[in-house]
Amino acid sequence: MKNIYTFNGTPAKRNFTVADLRARKGVKDKLTMVNPSSPEEARAAVEAGIDLFTLWDEQVEMVREVAPTTFAGSGMGWEQHATNDDILRAGIASMERGADFFYTNRSYDAVELLAKNGIPVQAHMGLIPRLSTWVGGLRAIGKTADEAMELHRTFKRLEDAGCFAVEIECVAEEALLALNDKTSIVTCSLGSGYAGDIIFLFLHDICGEAPNDPKHARAFGDVGRLHRQIYSERVEAMVKFRDAVNEGSFPGPKETVHMSKEENEKLLEALDKL
């Protein structure tokens with residue numbers, strides 16, 4: 001564990017630092033990253049030995065309570081924060097809550113502004129689902145040499161802006177393998193093969209809870225089956241409750257509070273006098 005101070009000046013410990021992740025560029029063994037969204041998921045990820053977390057802004061404090069030492073970044077949605085100044089304020093606020101980096105898929109100027117203020121920035125490359133209309137829909141990126149070279153140019157522009165890491169989504173593995181050694185940026189592969197420095201997968205995909213079945217993901221469990229079982233048992237329990245009410249067997253003696261016979265008689269006498 002490394003001793004650090006958070007952005008708000010609080011002493012803390014982390015399993016990794018930005019410097020550690022940069023120093024691991026090119027290391028054969030990969031780190032793992034998931035996105036817990038509840039205290040239970042964060043605890044499970046820690047117990048499972050997951051290395052890194054990526055979160056939404058509103059989850060930072062919640063996850064920090066149960067996973068205080070895991071290197072974890074936060075991210076803003078595309079639609080949040082209209083101006084670069086708004087993004088900077090959001091980044092500083094998230095770092096003060098205990099985040100270790102700040103994710104944005106907005107402009108190079110926004111990345112540069114965050115980086116100039118000491119915030120480790122993670123950007124997004126390859127397939128950016130919310131911008132997929134620009135590339136003809138949801139598809140893999142970097143399957144041609146020209147497209148891979150465009151990714152290389154993006155890496156260089158992000159380096160110049162001070163970017164520390166990128167989520168690189170659905171990029172041809174060969175392209176990332178060729179490009180990863182030519183950038184100082186830490187790469188988090190989501191559907192881009194084993195060539196990244198970090199292998200990221202959505203927790204719900206890992207656990208078999210995702211409603212769809214993305215090609216780049218693999219379910220290592222079947223928590224979805226348990227959710228379906230819980231749903232069925234909830235429905236069954238409520239049907240039984242409804243039926244018991246309708247037939248008059250609930251509430252029964254065990255679920256009902258009673259007055260003593262004497263107090264009931266007093267009450268009825270008092271009401272009769274009204």
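**Notebook: charged pairs and overall form**

I began with E159, which is partly exposed with a relative accessible area of 23%. I keep in mind that this is a predicted model. Which residue does E159 meet in a salt bridge? I found K156, with N and O 3.4 Å apart. K156 is partly exposed too, at 29%.

Next I turned to helix α9 (residues 223-247), where E236 and K240 lie four residues apart, about one turn of the helix. Their side chains form a salt bridge at 3.4 Å, N to O. I noted E236 as partly exposed at 44%, while K240 counts as exposed at 53%.

Then I checked R24, which pairs with D29 in a salt bridge whose closest N and O atoms are 3.0 Å apart. Is R24 buried or exposed? R24 counts as buried, because its relative accessibility of 15% is under the 20% cut-off. D29 is partly exposed at 46%.

I also wrote down a network of salt bridges linking R14, R64 and D100. My search of the whole structure gave 15 salt bridges.

D272 belongs to helix α10 (residues 261-272) and is exposed at 65% relative accessibility.

Last, I stepped back to the protein chain, which has ten helices and ten strands. Its radius of gyration is 26 Å, well over the 19 Å from the globule rule for 274 residues, so the chain is more spread out than a compact globule.

How values were computed: Residues numbered from 1 in each chain as written. Predicted model: local features only at pLDDT ≥ 70, side-chain atom pairs only at ≥ 80, totals over all residues. Heavy atoms only, no water. Helix = DSSP H or I, 4+ residues; strand = E, 2+ residues; numbered from the N terminus. Buried < 20%, exposed > 50% of the residue type's maximum accessible area, 1.4 Å probe, protein only. Rg over C-alpha atoms; globule rule 2.2 N^0.38 Å. Salt bridge = Lys/Arg side-chain N within 4 Å of Asp/Glu carboxyl O.
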